[in-house]
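Hi,

Here is the structure I promised to pass on to you.

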Amino acid sequence: MSTNTPSQMMANATHEGARAADASGIRFTSWLARWRYALIAIVALLQAAALLQMIVSRENLIASGRQIDLKVVPVDPRDLFRGDYVTLSYGISRLPQALVSEQLARGDRIYVRLVRKDGNWEPAAAARQRGKPDTPEEITIAGRVTYAPRQVTSTGGTITVDYGIEKFFVPEGTGRELEKEVNARDVTAHIAIASDGTAAIRGITAAGHRYDVEPLF
Amino acid sequence: MWISRRRLAEDLARWRANDWVTAEGESHVRHDLLERGAGPGLPVVLGILGVVLLGFAAMSFVAANWQDMPRLLRLAMIFSGLFGAYAAAAGLFARGLDGFAHAAILLGIAVFGAGIMLIAQMYHIEGHPPDAVLLWAMGGLAAGILLRSNPALAAATVLFGVWSCWELLGGSVFGIYGREGLRAVHWALLPAAAAVAVGFALNRWWPGVHLVGALLTGWLILQGYLFHGDLGHVVVALTGAAVVLGALYVSRASKGGQGQEALMVDWASAILGYGLIAAFSGLWAMQFFLRQETGALVLLAALTLALLVVVIHQGLMLGHRGAVWLGYVGFSAEIFALYVKTVGSLAGSSLFFLVAGVIVIALAAMAWWLHQAESRHAAETLS
């Protein structure tokens, strides 16, 4: 094959590359065919391991995380009950912009420092980096910014944050009852917080009735 | 590769009539066409549809919030469903029922997704929902590549698309926050798309490669709309145009070859179409969604029509029928949109006819020039 022009040379080089890629592709696929049954087992185990990891990390968090109670605040009732879960909003879900000194954007990870005042946990500071270690009167909770004003203003904008504890699944048909109690400002969420700030719901108490995440065993 | 069997049969009859092919050759080719089969049969298609239904059953089972069962039992159901599906796949492969085995793999992936949702529900995990979709897609990708399963790879492609859209649009409901605070370009989709494309290419399943092409094209066009200002659409149009030029270059360099070279031309032909769609979408948005000065509009319209004509011409020369049709559709849409935009505006119809006239004359000149160049090229090749 004559190789006079650069474009032909390049095309030839590409074809050599394609041939080599083809050969290794065939080797790989025949290897896959030879080990097919072992690979089926590996895929099943990989997927099972991923599910198991979700379970174990949650069980650990609930069992060993530090426990705090947060007051649930009412949200727009139209948004509250969606299917078989209740949307929970907290006092710490809306942070005054004055608590943050940096410009935040939607999706940013944020660490919020909570301080206990009269038995309630209230936000004291928030930053992209985790601050000083926790004390009995202070704890850090990790969240994700869902809305932040474009500019840092001193006039008091609001940042909204999700902590991954905004959904509580309830038995089918009982969501409406819980919705009324949330609106009557009578709901407390029991939260576990891991040392890295990740939060999980352990249970909620609504009008004196406690719904708990049952232990696995 | 993309030539239909019917077309090949017609061509074969013509070649035979012209004595280009011997009777023996013709019968061999027809036999080979039959041997290659016509893709998966009805039973496998029904099997896959059945699995999709079972998948939805598993997911609605989760959604129904089965509080009456102890949690351990619920988990046992998910895990036995998962292992059961893959065991069924192994058993079906062992009996040579590969199509059904792939349906069982798809069921395994559906149960895996239902498992993720169930566990999230059990622990009231709200978290970041796209992460759950990503985990699901990764499970599908692993099954697709390791078990050479095209249905699994197709599921993974769709899930990666959902994941990317969700990451871009954000919120617990699509687009709830509107254009406020959109993320930067979601580059993470590209390695994911590359991984599924490699899986499809290893399996030599071209519809899958097209699925990835459609995913990437949609992703590219979406970026144009998600970013403020004009720059997004400009980047989309330029990227699409670069893809078109690259595909044309490869087509011309490999034209007339066999084996690997013919394969390259087929690839280039497919990629050319996606590049054209992206470039046209970008140019379309710049002309009709953004506010443009008359001069800029004329320039953009001329560029769009030139691109379409080049693609139609090259498509005809190189035998890329899909690109030719896309070109015709784009050309008609462009002319119609220009007409609608200019009529009734200040410049009115006269501007439209002026622009159209100038463009068509320019096109005629360009077509003539291209034809000359093509004849020269053909003459050189023959001599």
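In strand β9 of chain A, Thr158(A) is the bridge partner of Pro96(A). Before going on, please keep in mind that this is a predicted model.

**The sheet in chain A**

That Pro96(A) bridge belongs to a pairing between β5(A) (residues 94–96) and β9(A) (residues 158–162), which are antiparallel and share three bridges. On to another partner of β9(A): strand β8(A), residues 138–147, is joined to β9(A) by three bridges, and the two run antiparallel. Here you can look for Val145(A), whose bridge partner in β9(A) is Val161(A).

Now for the whole sheet. Five strands of chain A make an open sheet, with antiparallel pairing, and the order is β5-β9-β8-β6-β7. Which strands stand at the edges? They are β5(A) and β7(A) (120–127); each has a single partner strand, so one side of each has no neighbour in the sheet. On average, neighbouring strands in this sheet are turned by 50 degrees against each other, if you ignore direction.

At the β7(A) end, β6(A) (residues 109–117) is joined to β7(A) by seven bridges, again with the strands running antiparallel.

On the α2(A) side, the contact is made by Leu39(A), Ile42(A), Val43(A), Leu46(A), Gln47(A) and Ala50(A). From α6(B) come Leu135(B), Gly139(B), Ala142(B), Ala143(B) and Leu146(B). Sorted by class, this contact has nine nonpolar residues, two polar ones and no charged ones.

**One residue in chain B**

Last stop: Met366(B), which sits in helix α14(B), residues 348–382. Why does Met366(B) count as partly exposed? Because there are 15 other C-beta atoms within 10 Å, and the class covers the range between 12 or fewer (exposed) and 20 or more (buried). Leaving out residues up to four places away in sequence, Met366(B) touches Ala306(B) and Val309(B). Leu107(B) is 259 residues from Met366(B) along the chain, and their C-alpha atoms are separated by 55 Å.

Cheers

Notes. Residues numbered from 1 in each chain as written. Chains lettered and ligands numbered in written order. Predicted model: local features only at pLDDT ≥ 70, side-chain atom pairs only at ≥ 80, totals over all residues. Contact = placed C-beta atoms within 7 Å. Helix = DSSP H or I, 4+ residues; strand = E, 2+ residues; numbered from the N terminus. Nonpolar A, V, L, I, M, F, W, Y, C, P; charged D, E, K, R; others polar. Pairing = 2+ DSSP bridges. Axes fitted to C-alpha atoms, helices over the stretch in contact; angles between N-to-C directions.
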